[in-house]
Amino acid sequence: MGMSVTISAATEQDAEHILKLQYLCYQSEAELYGDYGIEPLTQSLDDLRAELGRSHTLVARLGDEVVASVRGSVDEAGTARIAKLIVHPRMRRHGLGGRLLAAIEVHFAGEPAAKRFQLFTGHRSEVNLRLYRSHGYAPVATERLGPGLTLVTLEKETEAQAYVASA
C-alpha cells in the first residue's frame, strides 16, 4: 500500500530538511542558467531560519520525509509574494507543485490584506512557467539580471479581488 502526501505548515524542525531539498531542487535551475551562485544554493541555514520566521511556509511530506515546500508573505500593498516552490526530483510531474501552490494561495486568500498573488521565475524555466500559467498567473514584468537570465514576474488577483473587480 502506498503512502499519501500530506501538506502542512512547516515547523522550525523542518528547516534543515527544507534547505537540503532546496539545494537539490535548484541544481537544475543552476545548470539551466549556468550559475551555481544563485541564492537558493548559497543560502545558509541561519538565513533560511530567519526567512521561515518572517514568512508562511508549507511542506509536503511523504511519510516523514519532506518532499516539497513553498513559502511566501504578504506585503503592505496586499501582494502575497510566493517563493521557492520546490519539489523533490523523484516526485515531479505528479501534481504536487500545483497542490502546494493552491494550498498557499488558500492560506493567503484568508488574509484580509491579500489582494493578489505574485511570483517569479527565470525566462528559460518552461516547466515553472507552464505550471504558473495553468494556475491563472500571467506575466506582468521582466527584469534582465545578466546576459543569461531574465526574471519573469507573474501575477494573478485573489478570487475575492477578481469578484470585486467584475462587480
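**A helix crossing and its surroundings**

Author: Helix α1 passes helix α4 in a right-handed crossing, the near helix being turned clockwise from the far one by less than a right angle. Helices here are DSSP runs of H or I with at least four residues, strands are runs of E with at least two, and both are numbered from the N terminus. Please keep in mind that this is a predicted model, in which local features need pLDDT of at least 70 and side-chain atom pairs count only at pLDDT 80 or more, while totals for chains, interfaces and linings use all residues. Residues are numbered from 1 along each chain as its sequence is written, and side-chain values use heavy atoms, with hydrogens and water left out.

Two packed helices are described by the angle between their axes and the distance between the axes. For α1 (residues 15-25) and α4 (residues 45-53), the axes come within 10 Å and cross at roughly 110°. Axes are lines fitted to C-alpha atoms, for helices over the stretch in contact, with angles from 0 to 180 degrees between N-to-C directions. The pair is therefore roughly perpendicular, the class for 65 to 115 degrees; under 35 is roughly parallel, over 145 roughly antiparallel and the rest oblique. On the α1 side, the contact (heavy atoms within 4.5 Å) is made by Ala15, Glu16, Ile18, Leu19 and Gln22, and α4 brings Leu45, Leu48, Arg49 and Leu52. These residues divide into 6 nonpolar, 1 polar and 2 charged, where Ala, Val, Leu, Ile, Met, Phe, Trp, Tyr, Cys and Pro count as nonpolar, Asp, Glu, Lys and Arg as charged, and the others, Gly among them, as polar.

Now for the setting. The chain has 7 helices and 7 strands, in the sequence pattern β-α-α-α-α-β-β-β-α-β-α-β-β-α.

The 7 strands form an open, mixed sheet in the order β1-β2-β3-β4-β5-β7-β6, two strands being paired if DSSP finds at least two bridges between them. Each edge strand, β1 (5-9) and β6 (138-146), has a single partner, so one side of each is left without a neighbour in the sheet. On average, neighbouring strands are turned by 25° against each other, direction ignored.

β7 pairs antiparallel with β5 over 7 bridges, where Gln118 has Glu155 as its bridge partner. β6 and β7, also antiparallel, are joined by 7 bridges and form a hairpin with 2 residues between them; Arg144 stands opposite Thr150.
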